Amino acid sequence: MKIIWTFTLLMIPGVLSSISVTGYSGGGVSITCRYDRGYTGNAKYFCKGQNPGCSDLIKTKEKDKWVDSRRFSLYDDTRAAVFTVTIRDLREQDSGTYQCAVDISLYGDFYTEVNLKVVTAADCCEKSISLSAAAGGSVNISCRYPQSHSADVKFVCRRSGSDLCAEETSVKESRRWSAEGQMQLYDDREQQLLTGIISHVTQQHSAEYWCGVQSDQGHKSHHTSPHQRYRYR
């Protein structure tokens with residue numbers, strides 16, 4: 001199992017926001033930053049270090065499409081006036097201070113400080129595995145998560161390119177099945193275990209999936225997780 005966090009931040013002219021994020025080694029972090037609609041046409045970027053003078057990790061003027069740069073991806077959703085940055089394959093050395101920013105040029109950029117801590121959890125987060133199922137059969141998913149996330153909403157989502165959570169099914173209550181389409185989820189909070197079943201499997205289900213948890217520290221505009229990755233064939 002690997003872990004991803006999602007945080008929604010509002011950047012207001014003249015105000016510097018700051019948050020602390022914990023990610024898990026081998027997992028990922030998703031950071032979603034809101035900005036004033038007057039800046040939909042400006043470039044958005046993500047950099048490491050203190051501002052000003054941080055080192056750009058990804059920067060783009062592209063709108064409403066994913067842009068990739070090594071382990072980083074950025075999507076600027078101009079309709080919602082938010083942009084999302086994902087970092088994949090987290091390592092402990094990724095810990096540090098980052099900036100989520102809008103390029104304002106003459107007037108100085110808007111920054112939201114992100115303090116990232118990457119840890120290795122002993123009680124969760126197995127490495128990715130592959131599962132197989134015959135056409136028409138079913139696949140069982142088991143994902144452990146840290147006890148600190150027992151009360152949080154859990155989900156399983158399907159990756160589509162740079163978007164780690166293009167399709168999602170969630171469960172909000174403990175020991176009660178939640179179903180959406182061909183996916184069923186069951187969260188046993190006492191055991192810190194999320195169980196999922198995909199029924200009537202077809203070739204279209206062949207993909208990479210993530211188990212996740214939505215933290216109450218941020219809105220779920222994209223995704224949050226502990227997650228484990230699967231391939232269905």
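Predicted model: local features only at pLDDT ≥ 70, side-chain atom pairs only at ≥ 80, totals over all residues.
**The chain as a whole**

- Of the 233 residues in the protein chain, 52% count as buried.
- The accessible surface of the protein chain amounts to about 10900 Å², and carbon and sulfur atoms account for 44% of this area.
- When contacts between residues at least 6 apart in sequence are considered, 61% of them join residues at least 24 apart.

**Aromatic pairs**

- The structure contains 6 aromatic pairs, one of which is formed by Tyr35 and Phe83.
- The pair of Tyr35 and Phe83 is tilted, with 6.3 Å from centre to centre and 35° between the planes.
- Tyr35 is found in the loop between S3 and strand S4 (44-48), while Phe83 is in strand S8 (residues 82-87), so this pair ties together parts that are 48 residues apart in sequence.
- Phe46 and Tyr98 form a stacked pair, because their ring centres are 5.3 Å apart and their planes are at 10°, and planes under 30 degrees apart count as stacked.
- Since Phe46 belongs to strand S4 and Tyr98 to strand S9 (residues 96-102), their pair ties together parts that are 52 residues apart in sequence.
- Phe46 is buried, with a relative accessible area of 0%, and Tyr98 is buried as well, with a value of 2%.

**Lysines over tyrosine rings**

- Lys59 lies over the face of Tyr45, at 5.0 Å from the ring centre.
- Over the face of Tyr145 lies Lys154, at 4.5 Å from the ring centre.

**Two serines**

- Ser69 is part of strand S6 (residues 66-69).
- The relative accessible area of Ser69 is 19%, so this residue counts as buried, the cut-off being under 20%.
- Apart from residues up to four places away in sequence, Ser69 touches Leu57 and Ile58.
- Ser25 is located in the loop between strand S2 (17-24) and strand S3 (29-34).
- With a relative accessible area of 28%, Ser25 is partly exposed.
- Ser25 is in contact with Leu90, Val118, Val119 and Thr120, leaving aside neighbours within four places in sequence.
- Although Ser25 and Glu92 are 67 residues apart in sequence, they are 6.2 Å apart in space, C-alpha to C-alpha.

Definitions and conventions: Residues numbered from 1 in each chain as written. Heavy atoms only, no water. Helix = DSSP H or I, 4+ residues; strand = E, 2+ residues; numbered from the N terminus. Buried < 20%, exposed > 50% of the residue type's maximum accessible area, 1.4 Å probe, protein only. Contact = heavy atoms within 4.5 Å. Areas by Shrake-Rupley, 256 points an atom, 1.4 Å probe, with all protein chains shown as cover. Phe/Tyr/Trp six-rings, centres within 6.5 Å; stacked < 30°, edge-to-face > 60°. Lys NZ or Arg CZ within 6 Å of the ring centre and 35° of its normal.
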